[in-house]
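Dear colleague,

I am passing on to you the structure below, together with a short account of what was found in it. Please read the two side by side.

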Amino acid sequence: MISTDSTHTKNIIVTDNLTKTVQTPQGELIILEAISLTIAAGESIAIVGASGSGKSTLLALLAGLDTATYGQIIIAGQHLTTMTEDQRAKLRTTTIGFVFQSFHLLPNLTALENVMLPLELTGVKQAKAIALALLDRVGLSARIQHTPKHLSGGEQQRVAIARAFVGQPKILFADEPTGNLDSTTGAQIIDLLFDLNQTHHTTLILVTHDRQLSARCQRTLTLSAGKCL
Amino acid sequence: MNYWRLSWLMVWRDLRAGELNLLISALLIAISSSTAISLCTDRLQQSFQNNAAELIAADLAISSSSALAPTWLEYAQSHALNTAQAIEFSSVLMEHEELLLTSVKAVSQHYPLKGALKTSAHGQEITQYQGPQAGMAWVDQRVLNTLKLSLGASVTIGDKVFILEKIFTNEPDRQGNFFRFAPRVLINEQDLNATHSVQPGSHLHYTYYFSGKQDALQLFNQWLLPQLQPDQKIINAHDSRPEIANALDKAHDYLQLASLLILIISAAAIALATQRYHERHRPHTALLRCLGCSQHELFCLFLMQFCLLGMLTSFIGTAVGALLQQLMSPLLSQYLSTDLVSPSWLSFSSGFILGLSLLLSCALPPLLQLKHVSALGIFRHELAPLPTTAWLSYALALTLMASLLWQSSHNLALTAILLGIGLLSTLIFAALLWLLLIQLRHFLPKLSLAYRLGLQHLTHYPALTIGQLLAFTSLLITLNLSVSLRNDLLTEWQQQLPTHAANHFAMNIFPTQLPVYEAWLHNEEVIGNAVYPIVRGRLIAINDQPLTRLAPKNNLEENAKHRELSLTWSHDLPDDNLLSAGTWWSAPEAAGLVSVEKKLAANLDIKLGDILTFSVTQQRFTARVSSLRALNWNNMKPNFYMLFSPGTLNAFPSTYLTSFYVAEHQKTSLTSLIKQLPNVNLIEIDQLLKQIKTILDALSYIVDFILYFAWFAAICLFLAALSVRLRTRQYETALLRVFGADSHLLKHMQNIEFSCLGALSGLLAVAVSNLLLSLLYRYTFTIDYHPNWFLCIITPCFSVIFITVLGNISLHTLLNKAPLQTLREE
């Protein structure tokens, strides 16, 4: 059992015996097995490993996008595993930003509306001004009224990054953020990600296959067959 | 490529994965409901026809004032038709110094061909399938009472002595002639000559009865028509009881309409479900294209899948429909006096053909649309504009739909109203909705987040929103039409036979006997209707133009010209009479006015202000037409073609006619009435009322049954419409969750979106249903249309609640699902 007392406050993420299994017709399949880790605030970590090693699942569990089978997760001093879906959603608005490999922008909203969304969900009054500033920062001030359908992959990922940072989250999760982009665009996106990370003093946790990218992080966590090496 | 094997494999995998649930449900509802409706209506129609035949004692009868040529009967017999005949004449019986004018009916051996005679002995009613033997006479109770005779005694008719064998209580074809004033005496045709009552110049009435197979009857009917003389009339089962025929016709129209509506909404559900099927199979299709599958091969592959699916569901749907109909049979047969007949094979096959046709006509256009799109295009959801072939396919689907509707309804007007108005209003409302949604976009930024996100769902996909709206609207229209029509038909039928509808007619009451009759009503606590004086007379001229010079247009006119009419007078307009032209007389006005029944006036070309000449007991008098009236012939109350102002008929002797209701436990009190008023002709119509009531009950039952099918189809359509955007909705909900939206906001968004859809659909449905109902009531059901304000208010409210609640239920699981699961499925 882990506690949320003052000794852990500098650790923004703590997991204990984190396990994820799924039921298949052939029996129980272990995706993640007994992962225990601590991540300090402001740290940047790359999670690497072969396909199917459980990287994306670990990231989703840490962000509260999925539920663990066993074990505990404490994010910014709060027990994530005992929370309801609504409580986890609330925690994400204040603490967590997420960048997906396949961007996942809301198709019926413009670039500006997509970026404004997290702020509007928390009731921030100057949502539009903040979102505009951030879109300008990612170089998309000319494309604010475009819907995702009319943006290139790189542009969509910039919007997604702007959306992830707009709420000034304490932790940013990125799941293979360059996986769907060409190398030049990918490099630009990574520069942007690290640049914003430095500006906002965010804890960055990203999943990647890219060695260069993982080398830019302070720590690398390697997963193999659901276990932390 | 082994198409069949691959097709079967794909269908099987989809079945196991639950991908086909919605499509199969929509198909099963369409097929099973249309099979069950088709089977039920087929069986009921045939059974009702048999029932109605019992009311004229045959399938077809000819009424004539002269004997038919022997060749007519020979023709009928050569076409395997059974024949029987009856000859009626008036005869005065005299016993114990009492005189009584009776109506004698001499019947042949096989009378009645349909239905049965009823006699009573020692208080028990006995069913008889043949008339009296030679030498025997069956008589009305009144004959015994008036002539002071008892059973076993003898009575002389003409020159022949008969033994009074039985008390005669009912003859099947008596209902056709309620107001026969004289009491009945039934004898065998063999004795007719011995009575010497048939002499040249005798006033006789002949009825010839025929029964047999429908084809032979139709052939005989066609052969007869051109040969009929003016005094000869064909009576068929349909015309014999207008109140039953009317109810049957309306019920039939209702069933047709309900099955058409179920068909339309099932077709919409099938179209939406196939659209979803194609949507779900898009990656699969693209992948097959990448693997080298040609467009032709893909087309064949999907076509076979749909054929397999169509055949499978058609087979199961037909079986389910037949089973449902079979389960209903015992319930239905308890409403009918005759056994339910077996349904025809055509009714069985209709559901099967329908299922396959519906599926293919809905599934083919999207397949053709994929023809000119690259594999990458399919992956990217890029669809080419509809090719000409797909438009042709849609046109073909529409034509097929129209012909299916026409085929199942056999009613061109009904099909045209439904399809024409339906299509036209769809196009108009689609255009209006498009404009509304475009305009709504401008207001969105001013709204709060929940409203903006909720309404953005509607404005961002206008085509899908309009499709969904029209689907919900058509669903509500269907429910509105079926509920409105059901209620109005049932109300009409209930009004036709209220709980205490008169079950006895009393005729021939002398003016001096009226106080006795009224005292009897009072003492026995019997509910009586208005009492009308009756003078028997003929209409002989209109504006001095003798009626005989006018060529008859139909039976009604023929009857009015040749038969005596019951003439009456009244201060007030009787209940259930509706003044359609002119004014009702006020008390001080002079005598000499007449109010004529509307249809008879139209047939005889009688107008307001015309002078009609009547003949009563060789005396003539005239009256000016001051008004025209519409009558309700179904109300079981005395109704009159000619109603005079008070004072017009004072010069003529009259008797009185009335009707009253006697409950079963009060029946014994009738004996005291008969004793006090032995001359009164009392007619009991309990059997007829019971028969009408059972038929109406059966119709009400089946109308309700059909309504349940409409509800099933409606829910299926709702789920199909909801499923069209389900994936997008799930995806967007999951993403909003990722960025912190709580369930309160998500529910609020959904409620806004669904309430808006519900309100718009509800309002549209009210507008279109009122338009359709007014047309259907006027042209198909001939019922007066009054907008149902309750339904106008309740429909949008119901629509908002129904769509919001069902929408919430179907999306409930989404709110408790971890977002990653949904995002991974995308």
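The notes below cover the basis of the model, chain A, the cavities and the cysteines.

This is a predicted model, in which local features need pLDDT of at least 70 and side-chain atom pairs count only at pLDDT 80 or more, while totals for chains, interfaces and linings use all residues. Residues are numbered from 1 along each chain as its sequence is written, chains are lettered from A and ligands numbered from 1 in the order in which they are written, and side-chain values use heavy atoms, without hydrogens and water.

Chain A has 7 helices and 10 strands (DSSP runs, H or I of at least four residues and E of at least two, numbered from the N terminus). Of its 229 residues, 54% are buried (under 20% relative accessible area, with exposed over 50% and partly exposed in between; 1.4 Å probe, protein chains only).

There are 9 cavities of 30 Å³ or more (sets of points on a 1 Å grid over the protein atoms alone where a 1.4 Å probe fits but cannot get out; lining residues have an atom within 4 Å of a point).

In chain B, Cys300 is buried at 17% relative accessibility, whereas B:Cys756 is partly exposed at 26%. Over all chains there are 0 disulfides (pairs of cysteine sulfur atoms within 2.5 Å).

Yours sincerely

Key
On a 1 Å grid over the protein atoms alone, a cavity is a set of points where a 1.4 Å probe fits but cannot get out, and a pocket is an open set with protein on both sides within 12 Å along at least five of seven lines; lining residues have an atom within 4 Å of a point. Grid points are joined across faces, edges and corners, and a volume is the space filled by probe spheres set on the points.
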